[in-house]
Amino acid sequence: MSCTTSLASATRLALFPFTLLMLAAIPANAAVSTWTAAGGTSNFSDDLNWDAPPTPDCDLVFPAGTAWATKPTPVNDIIGMEVNAINIYEAYNVTGNALKCKIINDNSASTATVALAVGTVGAAALTVTVTTGGATLNLSGRLSGAGPVTYGGPGIKRLNGTVNNTLTGISTVALGVLQLDSTAAVAIAGPLVVNSGASATLISAPEIADTATVTVDGTFTLSGATGNDGSATENIGGLLGTGVVALGANTLGCSAQVSPTNFSGGFSGTGGLRQSTSGTQVLSGTSFPYTGTTTLTGGSVHIWGTLTDSPVTVTGGTLVLANDATVGAIVLSGGAASTLSCDETISAMTMHGTTTSLTIGSGSTFQVVSRSPTLYSYVSTAAANINGATLVVDTSNFSPTVASVMVIIDNTGGPVSGTFAGLAEGATVVSSTNTGTTFVISYVGGTGGNDVTLTGATVATDTTAPAIAAVVAGSITGSSAAVTWTTDEASDSQVEYGTTTAYGSLSALAATRVLVHDVALTGLTGSTLYHYRVMSRDAAGNRAISADGTFTTSADTSGPVISAIAVGSITTTTAVVTWSTDEASDSQVAYGLTTSYGSLTTLDTSNVLSHSVPLSGLTVGTAYHYRVMSRDVSGNLTTSADGTFTARAAGGDHESGNNCGTGSLFGAIALAFLLSLRIFGTPFPCGGMSARRD
């Protein structure tokens with residue numbers, strides 16, 4: 001385009017007062033900008049590409065027709081653009097700089113692509129809808145922000161970006177299919193919910209953040225997935241819902257439940273479920289027609305439902321059978337790290353489960369808990385193999401009477417193979433929580449002569465709980481405290497604490513019995529009131545609990561720890577700086593040609609763990625210094641060390657298509673004039689890139 005001032009631009013300047021009056025009369029959120037592709041470039045800033053130039057919070061419309069065919073790749077070259085909606089009616093590929101919006105509607109019947117990064121508007125929801133069944137919308141740019149996103153419409157929504165998405169809100173598949181096909185590690189950064197009638201399909205792994213919970217009320221399909229996420233095909237935080245997980249031959253891993261997650265739906269296929277590291281996964285469904293292995297390497301799995309065809313392997317953590325659950329063959333082979341128990345603490349229910357065969361390896365633990373004369377934990381099986389496992393009997397809630405019998409392994413098959421460690425036929429078993437209560441063990445007891453039984457021999461006479469005194473919370477900092485107390489007899493130590501009298505957190509049990517107790521509480525929040533109470537149990541199993549107490553942590557004075565700093569998406573004029581912090585904090589970057597920097601990005605006040613800040617206005621081929629800054633919610637600031645990067649060298653013509661010269665006095669005057677027009681909302685009479693219109 002020519003840089004000479006045209007009659008049309010002069011007319012626009014003359015009509016400027018009238019234009020202001022017209023703009024003032026337009027209702028909020030009513031503006032619509034339709035792509036005409038009539039400009040000399042593919043850029044958003046080329047006003048001739050629109051029937052009306054985009055304004056903040058407008059609707060961008062990319063219509064069907066010949067305009068699409070002649071200009072298939074609209075490019076957003078505007079920095080900081082924020083719109084209400086993007087409406088697509090053909091197979092467009094919209095690319096360029098990141099923008100924020102609330103709605104993306106794909107009304108095409110084929111495949112459209114939004115390749116630019118999309119951020120949510122504050123905490124506002126982002127709605128992505130594909131209105132035609134069988135049509136596909138590729139979202140290949142980064143999704144970011146705090147607001148939730150809802151995927152609707154009968155068509156396919158496909159996350160196939162090359163960088164990690166950082167949108168921390170809930171991703172809900174309300175209708176249709178969500179395909180996870182990113183080449184980065186994280187397509188879903190926050191919780192994922194698949195509604196009834198909708199489905200999520202894993203194409204490649206990993207795709208979901210390892211800490212994210214997934215609620216499946218519809219269908220979650222892993223059967224065609226490739227790749228892996230550690231020891232599983234896909235690893236998630238925990239599984240919830242009532243729907244179906246179609247595993248195929250693949251494995252779904254769970255590893256980081258903050259509180260127990262209960263999945264009452266079903267699995268299908270020959271693949272498996274794997275629980276590892278920490279957390280508790282509950283399986284309460286009655287339709288698990290899958291033959292893969294349920295594997296436990298850490299944390300715990302509580303089975304309340306039916307997994308008849310699924311063998312269970314425990315190499316670490318605790319397997320709990322309750323509610324008369326039914327499972328396939330159980331093998332505990334993790335030594336002291338693996339435990340089988342029927343003591344259900346999450347919910348009151350029967351303390352019993354059935355397995356086709358039970359093998360307890362050397363060092364593994366079989367736990368028996370008694371709660372009443374008729375309520376105690378036991379397992380039914382057709383084949384019992386006890387290869388030197390450890391037997392633990394907890395009578396802290398109830399001590400069975402002398403001569404009473406507990407059938408702890410109801411063996412419906414042949415004779416029991418092996419014995420518990422150090423416990424031959426007729427040996428004495430001492431309660432682990434009350435040394436005055438003992439039993440006699442038999443491997444040929446019960447009605448069939450093949451059961452493992454415990455017959456009460458003696459009952460403890462000590463029924464008095466320790467007397468707790470001198471409870472004090474001291475050594476209080478912004479993140480820790482020490483709770484001390486005394487008892488009148490040797491007993492163990494534990495503290496329950498939280499921000500209400502419901503507590504919610506429990507310190508690790510200090511099993512050593514002492515008279516003076518000292519328990520450290522860590523990971524606390526600064527300037528916060530905590531409730532706490534102390535607990536001590538004596539050798540006879542009698543437990544005392546103190547009254548409620550409170551303390552307030554001091555102000556947090558430690559700044560966040562910054563790590564994993566990187567610079568990516570580098571172009572001739574832009575770059576994106578990313579980093580992580582160990583606590584939620586804000587984001588800002590200082591950058592410039594020297595270590596004095598000189599430029600500072602706008603402060604992003606969102607308190608997050610994963611940070612991403614775009615830099616713009618860079619000079620081609622120039623080396624830049626930068627450092628990142630994050631401040632936590634208590635106001636503690638951390639600044640990183642200096643780093644450097646170089647803006648990518650340009651190749652060929654200027655990408656913006658701006659041909660306006662500034663190499664002469666006339667050019668400088670002309671540019672100043674054009675900028676004055678832009679300040680008042682008047683388009684350039686040439687194809688240069690514009691800033692966001694306010």
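**Reading the salt bridges**

Reply: Arg371 and Asp343 form a salt bridge in which the closest N and O atoms are 2.5 Å apart. The two residues sit in distant parts of the chain, 28 residues apart: Arg371 in the loop between β42 (365-369) and β43 (378-381), and Asp343 in the loop between β39 (338-341) and β40 (352-355). The model is a predicted one.

Me: What is the general idea behind such a pair?

Reply: Side chains of opposite charge can pair when their charged atoms come close.

Me: Is Asp343 buried or exposed?

Reply: Asp343 is buried, because its relative accessible area is 13% and the cut-off for buried is under 20%. Arg371, at 31%, counts as partly exposed.

Me: How many salt bridges are there by this rule?

Reply: The count comes to 3. One of them joins Arg158 to Asp181, with 2.7 Å between the closest N and O atoms. Arg158 belongs to strand β15 (residues 156-159) and Asp181 to the loop between β17 (177-180) and β18 (192-194), so this pair ties together parts 23 residues apart in sequence. Arg158 is partly exposed at 23% relative accessible area, while Asp181 is buried at 17%.

Me: Which residue forms a salt bridge with Arg533?

Reply: The partner of Arg533 is Glu496, and their closest N and O atoms are 2.9 Å apart. This pair links strand β54 (residues 529-537), which holds Arg533, with strand β51 (residues 481-498), which holds Glu496; the two residues are 37 residues apart. Arg533 is partly exposed, with a relative accessible area of 26%, and Glu496 counts as buried at 17%.

Definitions and conventions. Residues numbered from 1 in each chain as written. Predicted model: local features only at pLDDT ≥ 70, side-chain atom pairs only at ≥ 80, totals over all residues. Heavy atoms only, no water. Salt bridge = Lys/Arg side-chain N within 4 Å of Asp/Glu carboxyl O. Helix = DSSP H or I, 4+ residues; strand = E, 2+ residues; numbered from the N terminus. Buried < 20%, exposed > 50% of the residue type's maximum accessible area, 1.4 Å probe, protein only.
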